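Please look over the sequence and model shown here. A short briefing on the fold follows.

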Amino acid sequence: MSCSDWKDPSQYVRWATPIANDSHDNWFARMDVCESDVLLFQMRIVCLVLAACACACLADPAINQIRQVSNRPGRFLSLPNPQKCSNRPKQFFYKGHNYFFTDHVPELAGRKFDWLDGRNICREYCMDLVSMETQEENNMIFRLIQQNDVPYIWTSGRLCDFKGCEGRPDLEPKNIFGWFWSANREKIQPTNRTPAGWGYNPWSQTGHKKQRQPDNAEFDINGTSESCLSILNNVYNDGIAWHDVACYHEKPVVCEDSDELLNYVASTNSGIRL
Ligand SMILES: [Ca+2]
């Protein structure tokens, strides 16, 4: 069986490996790679990393203080844990989906995650980082942030700036047309205008460079692209608004039910209550 024959969502584990020259319509739905291709590689990477860590820790006790860079190769999406899915926190509910905020879950409170680790924390619970496709859902998340004085969170928003995104005129310019929700691979509406069906543009009108977002500001500082979508709470005297931020920064997250992962766990665990 070849990778492309697999229909089972359990096989799709990697966060982004688009197929070159794929059709426009299929492309976002196929940004994953199947498990068999990556599992062996993943196991080798884990062994190498463990061996390297052991050597490094012996040589330098302070090694654990060095923060790992987020976009390093060899990091993959986690598969869901059926028991965690069944017992996932359900703090609020909107249009068929449950949500939770990590700071309101005792075992996760106070923790921060880079963007990919944030996705993986959610995915263990059959969830993913929150995606705000409508103004109503966005308002709900903004209210959560306002009422709890949350400084910032990650969302599943991601810039299509990785391998497979090149040669796509429909995604250009990237800062306007190149954003999508990783959780369900839906495109995010153009960033430079009020989204259709919305009464306001959720992207901030200012930021580090005093320019409207997304501004890719950190790239000018240290060469790191701001490829992930964060909601910041008045960091630039701009209220609660969307910002492009470099993915290695660590933030608490809001998780939202993933239909794909819930359906997969339901279909592979007879009688499970989700
Ligand atoms: Ca920015």
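**Core and sheet at a glance**

The largest nonpolar core has 46 residues. Those with the most contacts inside it are Cys122, Cys126, Leu129, Val130, Val253, Val254 and Cys255. A nonpolar core here is a set of buried Ala, Val, Leu, Ile, Met, Phe, Trp, Tyr and Cys residues joined through C-beta atoms within 7 Å. Buried means 20 or more other C-beta atoms within 10 Å of the residue's own; exposed means 12 or fewer, partly exposed is in between, and C-beta atoms are placed from the backbone.

This is a predicted model: local features need pLDDT of at least 70, side-chain atom pairs count only at pLDDT 80 or more, and totals for chains, interfaces and linings use all residues. Residues are numbered from 1 along each chain as its sequence is written.

**Helix H4**

- Helices (H or I, at least four residues) and strands (E, at least two) are DSSP runs, numbered from the N terminus.
- The buried set is Trp115, Leu116, Gly118, Arg119, Ile121, Cys122 and Arg123.
- These residues pack against strands E3 (127-129), E4 (152-159), E7 and E9 (254-257), and against helix H8 (259-268).
- Cys122 touches Met127, Asp128, Leu129, Val253 and Cys255, not counting residues up to four places away in sequence. Contact means C-beta atoms, placed from the backbone, within 7 Å.
- Cys126 follows H4 and has a positive phi, near 65°.

**The open sheet**

- 5 strands form an open sheet in the order E6-E5-E4-E7-E8, with antiparallel pairing. E6 and E8 are the edge strands, each pairing on one side only.
- Two strands pair if DSSP finds at least two bridges between them.
- E7 (residues 228-233) and E8 run antiparallel and are joined by 6 bridges. Ile231 has Trp242 in E8 as its bridge partner.
- The E7-E8 hairpin has 6 residues between the strands, and Asn234 takes a positive phi near 65° there.
- E8 (residues 240-245) is mostly covered, with 6 of its 6 residues buried. Ile240, Trp242 and Asp244 point one way; Ala241, His243 and Val245 point the other.
- Phe180 is partnered by Lys187 in E6.

**Ile188**

- Ile188 lies in the loop between E6 (186-187) and helix H7 (217-222).
- Ile188 counts as buried because it has 24 C-beta neighbours inside 10 Å.
- Beyond neighbours within four places in sequence, Ile188 contacts Gly157, Trp179, Phe180 and Trp181.
- The C-alpha atoms of Ile188 and Leu159 are separated by 9.6 Å, with the two residues 29 apart along the chain.

Notes: Two residues are in contact if their C-beta atoms, placed from the backbone, lie within 7 Å.
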